[in-house]
Amino acid sequence: MDIAYSLILAHNQWGSSGTINYLAEAKKMITDGIKASNVTTNNRLNLGDWDSKSELNTRPSDWMLSHLRAFYEVTGDSTWLNVINNLYNVYSQFSASYSPNTGLISDFVIDNPPKPAPECYLKEFKPTNEYNYNASRVPLRIVMDYALYGDMRAKAITDKQSAWIKAKTGGNPNNIRDGYLLNGTVSSYASGPTGVFVSSFISGGTSNSGNQAWINSGWDWMKSHKSGYYSDTYTLLNMLFISGNWWKPGQGGNPSDTQAPTTPTNLAVTGTTSSSVSLSWNASTDNVGVTGYEVFNGSAPAASVTGTNATISGLSANTTYTFTVKAKDAAGNISGASNAVTATTNNDTASPNLALNKTAVASSSEASGLEPAKAFDGSQATRWASAEGADPQWIYVDLGAVKNINRIKLNWEAAYAKNYKIQVSVDDGAPTHWTDVFSTTTGNGAMDDISIPDQNARYVRMYGTARGTSYGYSLYEFEVYGTDSGGGLDTEVPSAPGNLAVTNATSSSVTLSWSAATDNVGVTGYEIYNGPTLAATVTDTEATVSGLNANTAYTFTVKAKDAAGNVSAASNEVSATTSGDTTNPVKLTAIEDSFVRGGTYAGDNYGSLNAMTVKLRSSNASYDRTGYVKFDTSSLSGTVSSAIIKIYVTNIHSNTTSYKMEARGISNDVWSETSINATNQPTEAGTALGTVTVSQEGVYVSFDVTSFVNNQSDGTVSFRIVGLDEDMGADFASKENSDPAIRPVLVINEG
């Protein structure tokens, strides 16, 4: 549709009497292409030419209503007016049923009457039933029909959206989040503000003069934020529209803004490496607004950025370069050049790139030509790229032997990591044990030059948990520096763990504790052995070995390990026998369950949802979630030999790889799933009963709560489920889940 529209603009700008008949080409594309393939018999726009003409599936981000009006104007075909009217009717029906207070619409719409598509529709990504990365483009699509053609239906929609989002964010565009439920609740998949969401809402605000302060704030936000290729491209489209540089056919295409921005000043070098130079400068001003800056290496363009700093990568070591900067605005006006600065890159021959041309492995590759080896070939023209739209993703390099490393350089393509870790391993063969040596949640792309304490490593991994864009992860180069000779290696083994003891045994698990080992550098973890078999690896001085048989004797030992891969002698040996198990254990289903959120959501109740979310966010109560579950135990008699809570993991949050959770027994059974919230939840601390690690979707996690159940005599037991790792969380099936097989249960063995 954009191509057809551009052909109409070209006809109006230059005419069609030249070599190319723009108008004829536009009509052909509109009628023989778009209408024939995408306009359905019910006057909707289908998803593509693979879809049938009777489909009711549609994507609101394709509803370019002002484009469709231009199609009508050049063809005279009333079909386009019918499509416009029908799409407004679809929006009206949808909003009345699903978003009466927000005016939001889901990424995909299906059926008649219209309704949100289900989650994971077309396997694109999970929140396709929410206002997410597709629907985020809708406010601009709608408001343009009012701005260019005066349709009041468009104004009514965008006025409602603007009133809601301004109230939701307190009038601060930086509080916009990248994903909402249709009722206005922030999506559990959201992470923060991003250009495609912010800019479109700001454009929507232009339908009402009372939104001027909102538009001004949004313009300032758009000028100073970079979100990645997808968002930045759409932000630019919005800025063209807001600044009056988007014109409809017949208006003429010469922009009225001819004033260039002021020249950037005080250009300075802020850092150098062997292959990059970092620069900063003072911001320029413009009569409309500066949209970005062009950085020049001599006379050659080196980078295009929106902020007042840049890192120029891919340079040669021990070489002098000269840089200048120019500012630009939305109309294409370019300022004069800043002062020139010179910088000489570092001489890096003393510390070679240990990863150059070494074997690489990645979690995925987007396509042929984007394999992991491309990030280690020494070329800034090639790159590795992961599969799009998926978290987590990783890439590691095998240095060939254990080296002593102290620096990592990541040269990101536009698809960068917002949250990621650098991890190392000293394993022989395929690496399975990783140690974090660096992490960030504020990655912004370009060049990351990371210094770390001296580490022994054979494998070095970038582990990405949250993308900075809607695409994947992509690196031009992944470099590792340190000592090639392998000097300074740690060869001293830790001391053996002491005082290994059994602290609990159930019909299916044994819990152990021991005294900490010591090491000349530092103990990084412990390996628990069931006889000669490795049963678990932990970092604490206690562990629960699960999946055991009832009424069976086992023998355990523990060994300590350090970052260099040195492993201690075995601890003392202990034996434990699991308790007996009845042939048919009792499975009690939950009678109440819910979760609570603090901060902005402290008064909200979530007891009717089909999922229970648990997440620790001590730094922001609005994102902190605590679970509650209750069981009726009045049918039990006698002593309970084991009691295990089992809750089913339906989704691990995108920034989470694994995290610890704890069950706490609470004596207060008065709470109700229909009314519990953060303000009236039980206040007692509760008894800590068991800790589990959540690392996989589609499985149960289990808490041993035997002692607490035996100490309760009123026929009801309640538990609080809490996260233990900051900013990590997951969703669990609640008792309202449509699949009875995955609802929470308390598994009881008596006798």
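**Salt bridges, cores and strands: the reasoning**

Q: What makes D436 and K421 a salt bridge?
A: In this predicted model, the closest N and O atoms of D436 and K421 are 3.4 Å apart. The cut-off is 4 Å between a side-chain nitrogen of Lys or Arg and a carboxyl oxygen of Asp or Glu, so at 3.4 Å the pair counts as a salt bridge.

Q: Why can this pair be said to tie together separate parts of the chain?
A: Look at where the partners sit: D436 belongs to strand β14 (residues 435-440), while K421 belongs to strand β13 (residues 417-425). The two parts are 15 residues apart in sequence, so the pair ties them together.

Q: What surrounds D151, leaving aside residues up to four places away in sequence?
A: D151 touches R69, Y88, D145 and Y146. With R69 there is also a side-chain polar contact of 2.6 Å, and the limit for such a contact is 3.5 Å between N or O atoms.

Q: What makes R153 and D151 a salt bridge?
A: Their closest N and O atoms are 2.9 Å apart. The cut-off is 4 Å, so this pair qualifies. R153 has a relative accessible area of 34% and is partly exposed.

Q: Which residues are linked with D151 in a network of salt bridges?
A: The network links D151 with R69, D145 and R153.

Q: Which members of the largest nonpolar core touch the most other members?
A: They are M661, F703, F719, F732 and L746, out of 98 residues in this core. Helix α4 (residues 79-98) gives the most to the core, with eight residues. A second, separate core has 29 residues, including A360, W384, I405 and I422.

Q: What does F719 touch, not counting residues up to four places away in sequence?
A: The list includes G627, Y628, V629, F631, I645, R664 and G665. Also on the list are I666, L689, V705, F708 and V709.

Q: Why are β17 and β21 said to stand at the edges?
A: The open sheet has three strands in the order β17-β18-β21, paired antiparallel. β17 (498-505) and β21 (542-545) each have a single partner strand, so one side of each is left without a neighbour in the sheet. The twist averages 25° from one strand to the next.

Q: What makes β17 and β18 a pair of strands?
A: Five bridges join β17 to β18 (residues 510-515). At least two bridges are needed for pairing, so the two strands count as paired. A505 stands opposite V510 in β18.

Q: Which strands are at the edges of the four-strand open sheet, and how are they identified?
A: The order is β20-β19-β22-β23, with antiparallel pairing. β20 (533-538) and β23 (574-577) are the edge strands, each pairing on one side only. Neighbouring strands here are turned by 30° against each other on average, direction ignored. Within this sheet, five bridges pair β19 (residues 523-530) with β20 in the antiparallel sense, and Y529 stands opposite L534 in β20.

Q: Which residues form the covered face of strand β9, and which the uncovered one?
A: In β9 (residues 341-344), V341 and A343 make up the covered face, whereas T342 and T344 make up the uncovered one. β9 pairs antiparallel with β8 (residues 320-329) over four bridges, and T322 stands opposite T342.

How values were computed: Residues are numbered from 1 along each chain as its sequence is written. This is a predicted model: local features need pLDDT of at least 70, side-chain atom pairs count only at pLDDT 80 or more; totals for chains, interfaces and linings use all residues. Side-chain values use heavy atoms; hydrogens and water are left out. A nonpolar core is a set of buried Ala, Val, Leu, Ile, Met, Phe, Trp, Tyr and Cys residues joined through side-chain atoms within 4.5 Å. Buried means under 20% relative accessible area, exposed over 50%, partly exposed in between (1.4 Å probe, protein chains only). Contact means heavy atoms within 4.5 Å. A polar contact is a pair of N or O atoms within 3.5 Å; within protein, one must be able to donate a hydrogen and the other to accept it, and residues adjacent in sequence count only if both atoms are side-chain atoms. Axes are lines fitted to C-alpha atoms, for helices over the stretch in contact, and angles run from 0 to 180 degrees between N-to-C directions.
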